[in-house]
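Please look over the model shown here. The report below takes up backbone geometry, strand pairing and helix packing.

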Amino acid sequence: MNTERAADATTDEQLRAGVVGVGSMGENHARVYGELPRVDLAGVTDHDDEVADRVAAEYDTEAISLETLCERCDVVTVAVPTHAHYETVSTCLEAGVHVLVEKPIAETVQQGRKLAEQAHDAGLVLQVGHIERFNPAVQTVAELIDDLDVISVAAERLGPPIDRVAPGNVIYDLMVHDVDVVGAILDERPHSVAAMGTDDGQYATATIEYDDVVATVTASRVTQKKVRRLTVTARECLVEVDYLEQSVLIHRDSYPEYLADDGQSRYRHESVVERPRVDTGEPLRNELESFVEAVRTSSDPEVTAEDGIEALKTVQLIDRLATGPSDGADGEQAREQGVEI
């Protein structure tokens with residue numbers, strides 16, 4: 001294991017970056033690495049040589065083997081299919097390279113723990129790509145929430161069917177984002193989960209219990225409108241977050257009243273709405289800037305391997321509850337019992 005390279009990477013003026021797997025997400029990582037100051041996009045690799053060649057030409061770099069990429073690079077993004085995460089990340093860490101791996105961290109919690117231990121023993125940064133943590137609207141709420149007496153959180157990640165023959169699991173592909181965000185903003189681990197799913201696993205909802213907060217997360221690929229929304233109910237206010245618009249609304253002092261209008265009474269409900277300033281920006285760029293900074297300063301990443309493992313533990317449980325055998329009609333699965341994590 002090249003631990004000397006790992007130590008040197010934190011002091012080099014220019015970091016050499018690479019991307020393993022340049023599908024739609026990986027290609028965006030290549031683009032952003034090429035835009036970051038003091039970062040050199042040293043190469044990309046993919047199991048499809050034509051894809052790798054195209055992306056390399058687009059971003060003025062080379063398409064090379066994984067072995068060569070690890071020899072050249074200080075940091076890499078791993079954006080391969082989930083089943084290949086463990087082997088690919090382990091290979092990069094073994095070569096002394098810092099890694100950002102797309103979510104989920106691995107196929108199993110056990111694999112995730114092995115990767116976390118390997119990175120720790122090697123003194124390497126292993127960050128998990130839970131990109132919504134770096135959405136400016138989410139970061140704004142994270143700053144507000146310490147001052148709130150939170151009662152509940154609700155997250156919706158909905159959209160229409162995707163143009164793919166075999167769409168991935170909606171819980172692992174979509175819901176995992178909000179499971180991670182909710183745990184992060186509450187800074188708590190869940191106690192129990194209840195979940196249900198329908199439509200061949202393309203719609204799922206889960207209720208997650210924390211110390212004094214109940215969270216409901218819903219993910220769908222059968223909803224004819226794209227929705228990315230987070231709502232925080234607190235005793236002081238209601239906070240609404242739109243991930244897509246990167247906006248935050250805070251509703252306070254809600255009260256009903258009756259008004260006289262041409263001799264008739266009319267009811268209305270009013271509240272004070274605040275719009276805190278949100279520094280909009282591309283979440284992926286924020287994520288990679290944070291990763292590179294963690295490498296340069298030898299500090300813990302914003303989203304640690306342990307964070308990734310916790311999110312994976314929760315979505316695995318949700319998946320078992322929502323898609324396991326059921327006595328329900330029409331293929332609908334429902335699990336109401338709380339299950340300790």
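Is Asp60 buried or exposed? The model is predicted, and in it Asp60 is exposed, with a relative accessible area of 73%. Asp60 sits in the loop between helix 3 (49–58) and helix 4 (66–72).

**Backbone geometry**

Most residues other than glycine have a negative phi, and most peptide bonds are trans. Asp60 has a positive phi, near 55 degrees, and is not a glycine. Ser298 also has a positive phi, near 55 degrees. Ser298 lies in the loop between helix 9 and helix 10. Ser298 is exposed, its relative accessible area being 56%.

A cis peptide bond links Lys103 to Pro104, with omega about -10 degrees. Pro104 belongs to the loop between strand 4 and helix 6 (109–122).

**Strand pairing**

Strand 4 (residues 98–102) runs parallel to strand 5, and 4 bridges join them. One of the paired residues is Glu102, whose bridge partner in strand 5 is Gly129. Strand 5 (residues 126–129) sends Leu126 and Val128 one way. Gln127 and Gly129 point the other way. All four of these residues are buried.

**Helix packing**

Two packed helices are described by the angle between their axes and the distance between the axes. Two pairs are listed here.

| Helix pair | Angle | Axis distance |
|---|---|---|
| Helix 8 (residues 170–186) and helix 10 (residues 305–323) | about 125 degrees | 9 Å |
| Helix 2 (residues 24–35) and helix 9 (residues 283–297) | roughly 60 degrees | within 10 Å |

Why are helix 8 and helix 10 called oblique? Their axes pack at an angle of about 125 degrees. Angles over 145 degrees count as roughly antiparallel and those from 65 to 115 as roughly perpendicular, so this pair is oblique. Helix 8 passes helix 10 in a right-handed crossing. On helix 8, the contact is made by Ile171, Tyr172, Met175, Val176, Val179 and Asp180. On helix 10, the contact residues include Ala311, Leu312, Val315, Ile318 and Ala322. The contact of helix 8 with helix 10 divides into 10 nonpolar, 2 polar and 3 charged residues.

Helix 2 and helix 9 also cross in a right-handed sense. Helix 2 contributes Asn28, His29, Arg31, Val32, Tyr33 and Glu35 to the contact. Helix 9 contributes Leu284, Arg285, Glu287, Leu288 and Phe291. How do the residues of the contact of helix 2 with helix 9 divide, and how many are charged? There are 5 nonpolar, 2 polar and 4 charged residues.

Notes: Residues numbered from 1 in each chain as written. Predicted model: local features only at pLDDT ≥ 70, side-chain atom pairs only at ≥ 80, totals over all residues. Heavy atoms only, no water. Axes fitted to C-alpha atoms, helices over the stretch in contact; angles between N-to-C directions. Helix = DSSP H or I, 4+ residues; strand = E, 2+ residues; numbered from the N terminus. Parallel < 35°, antiparallel > 145°, perpendicular 65-115°, else oblique. Left-handed = near helix turned anticlockwise from the far one by under 90°. Contact = heavy atoms within 4.5 Å. Nonpolar A, V, L, I, M, F, W, Y, C, P; charged D, E, K, R; others polar. Buried < 20%, exposed > 50% of the residue type's maximum accessible area, 1.4 Å probe, protein only. Pairing = 2+ DSSP bridges.
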